[in-house]
Amino acid sequence: MRADQPGADAAPTTGGTATTGSTPTAGDTGGRHAWAALPWLVRTAVLWSACLVVIVTGLYLLGRIAVLLAPLAIALAATIFLTALLDPVLIRLRRLRLPAALAALLTVLLLLGILVGVGALVWNLTASQFDQLSQELTQGVERSRDFVTSTLPVSDAQLDKLIDQARQGLSSGSPDPVSGARTASEVVGSALLALVLLFFLLKDGRSMWQWVLSRVSGPNQPVLAEAGRAGWQTLGAYSRGTMFIAAIDALGIGLALVVLRVPLALPLALITFLGGFVPIIGATVAGAVAVLVALAANGPTTALLTLAAVIAVQQIEGNLLEPLIMKRQVRLHPAVILVAVTAGTLIAGIAGAFVSVPITAVLWRVIDTVQQRRSASALTS
């Protein structure tokens, strides 16, 4: 048969049947059989471990990027937190039919007025106490030194050596003037950037969110809208609840310090207020500072009474106020809080400790909302 005759192309060729790319090979089949032969518990553990590795790697990379862009990351975190905190004030001003720009500006000015007023009040009430505290601290150190040498098997020479080593460690760990000036400039720049971003988020935050939702089409848009609304409500409830609880802690411990005549009671109360934004660890550190100042200034009896007051206030806050104020939708298990605070501290230091818990609470609320929405969709379908 010639090549140009019909059927020439259809002539069979010698050899085996040609295989296509979709035909599984012996290696693929063996791998599938080996995977199927594994117990279901092992397969589940492998899959969950792989997912956990991917998630942890992603979070680690995000944390490293945040550390590299620390001033910007701190400014963004402070802006979002303050926006959630001040959002009710903006809503009330908007109900008075004020323009969005004017309402946002008044909200920012109110925040600045509160910060400047509190700072001026603390300085005016405590500036005259620093000299007195210095003398009392010197006397307290001498009393503590006598107590240690008379109670413990430690001589004066050994104690002096330990003190010198501690001083050398602190001096070696202190920053040089150049890095200190750079850090101060970064803090000032982050504060100014946070104020500018706060104004724009208060003014245009809702329109920005609507723009994001308009870029999502299909059935994912309602899910994203509900998850975003739940996360924002959680952040607002957390910020306002934490501020209220921290204020109550600072007021209770501050009153106890005033009654016990511990010097610098107002700055110690302010430290307690700031420490309240880091759950569990912050309150513990702030209470320890108050007890140490009371010990150095007024002796062990006042220190023990201060410790009792700190424990009583923290117990009332943890067992009564937090369940009433934070509500169930915001509360996290103490183990989760400790892990989040520790991870945030290791990644980004003090700033990471402040933002780790609200980020965890918001992520948990968003994930829970998405799961509930999908479960409801599966039931209705």
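Figure 1. At a relative accessibility of 28%, Val-355 counts as partly exposed. The model shown here and in the other views is predicted. Val-355 belongs to helix H12.

**Figure 2. The chain as a whole, for orientation.** The secondary structure consists of 12 helices and zero strands. In sequence order the pattern is α-α-α-α-α-α-α-α-α-α-α-α. The chain has 381 residues, of which 25% count as buried. Among contacts in the chain with a separation of 6 or more, 69% are made by residues 24 or more positions apart.

**Figure 3. The largest nonpolar core.** This core has 14 residues, and the members that touch the most other members are Phe-81, Leu-235, Leu-332, Ile-337, Val-341 and Val-357. Two or more residues each are given to the core by helix H3 (70–95), helix H8 (220–259) and helix H12 (334–380). H12 supplies the largest share, six residues. Val-357 is in contact with Tyr-238, Pro-279, Leu-332, Ile-337 and Val-341, leaving aside neighbours within four places in sequence. Another core, of 10 residues, lies apart from this one, and its members include Ile-253, Val-293, Ala-294 and Val-310.

**Figure 4. Packing of H3 against H8.** Two packed helices are described by the angle between their axes and by the distance between those axes. For H3 and H8 the angle is about 85° and the axes are 8 Å apart. H3 is therefore roughly perpendicular to H8, since angles of 65 to 115 degrees are counted that way. On the H3 side the contact is formed by Ile-80, Phe-81, Thr-83, Ala-84, Leu-85, Asp-87 and Pro-88, and on the H8 side by Trp-232, Leu-235, Gly-236, Tyr-238, Ser-239, Arg-240 and Met-243. Sorted by class, the contact of the two helices holds nine nonpolar, three polar and two charged residues. Phe-81 of H3 and Leu-235 of H8 meet in this list, and both are also among the core members that touch the most others.

**Figure 5. Thr-272 in helix H9.** Thr-272 is found in H9, which spans residues 265–275. With a relative accessible area of 4%, Thr-272 falls under the 20% limit and is therefore buried. The side chain of Thr-272 reaches the backbone oxygen of Leu-268 at 2.9 Å. Not counting residues up to four places away in sequence, Thr-272 touches Asp-249, Ala-250, Ile-253 and Ala-286. One of these, Ile-253, is a member of the core of 10 residues.

**Figure 6. Thr-302 in helix H11.** The place of Thr-302 is in H11, residues 300–330. Thr-302 has a relative accessible area of 13% and is buried. Its contacts, apart from neighbours within four places in sequence, are with Leu-260, Val-262 and Ala-294. Ala-294 is listed among the members of the core of 10 residues.

Figure 7. Gly-276 is found in the loop between H9 and helix H10 (281–298). Gly-276 and Ile-245 are 31 residues apart in sequence, and their C-alpha atoms are 7.3 Å apart in space. Leaving aside neighbours within four places in sequence, Gly-276 is in contact with Thr-242 and Ala-246.

**Figure 8. Two arginines with positive phi.** Most residues other than glycine have a negative phi. Arg-97 is not a glycine, yet it has a positive phi of about 65°. Arg-97 lies in the loop between H3 and helix H4 (100–126). Its relative accessibility is 77%, so Arg-97 counts as exposed. Arg-261 is likewise not a glycine and has a positive phi of about 60°. The loop that holds Arg-261 is the one between H8 and H9. At 71% relative accessibility, Arg-261 counts as exposed.

Methods: Residues numbered from 1 in each chain as written. Predicted model: local features only at pLDDT ≥ 70, side-chain atom pairs only at ≥ 80, totals over all residues. Heavy atoms only, no water. Helix = DSSP H or I, 4+ residues; strand = E, 2+ residues; numbered from the N terminus. Buried < 20%, exposed > 50% of the residue type's maximum accessible area, 1.4 Å probe, protein only. Polar contact = N/O pair within 3.5 Å; in protein donor to acceptor, adjacent residues only side chain to side chain. Contact = heavy atoms within 4.5 Å. Core = buried A, V, L, I, M, F, W, Y, C linked by side-chain atoms within 4.5 Å. Axes fitted to C-alpha atoms, helices over the stretch in contact; angles between N-to-C directions. Parallel < 35°, antiparallel > 145°, perpendicular 65-115°, else oblique. Nonpolar A, V, L, I, M, F, W, Y, C, P; charged D, E, K, R; others polar.
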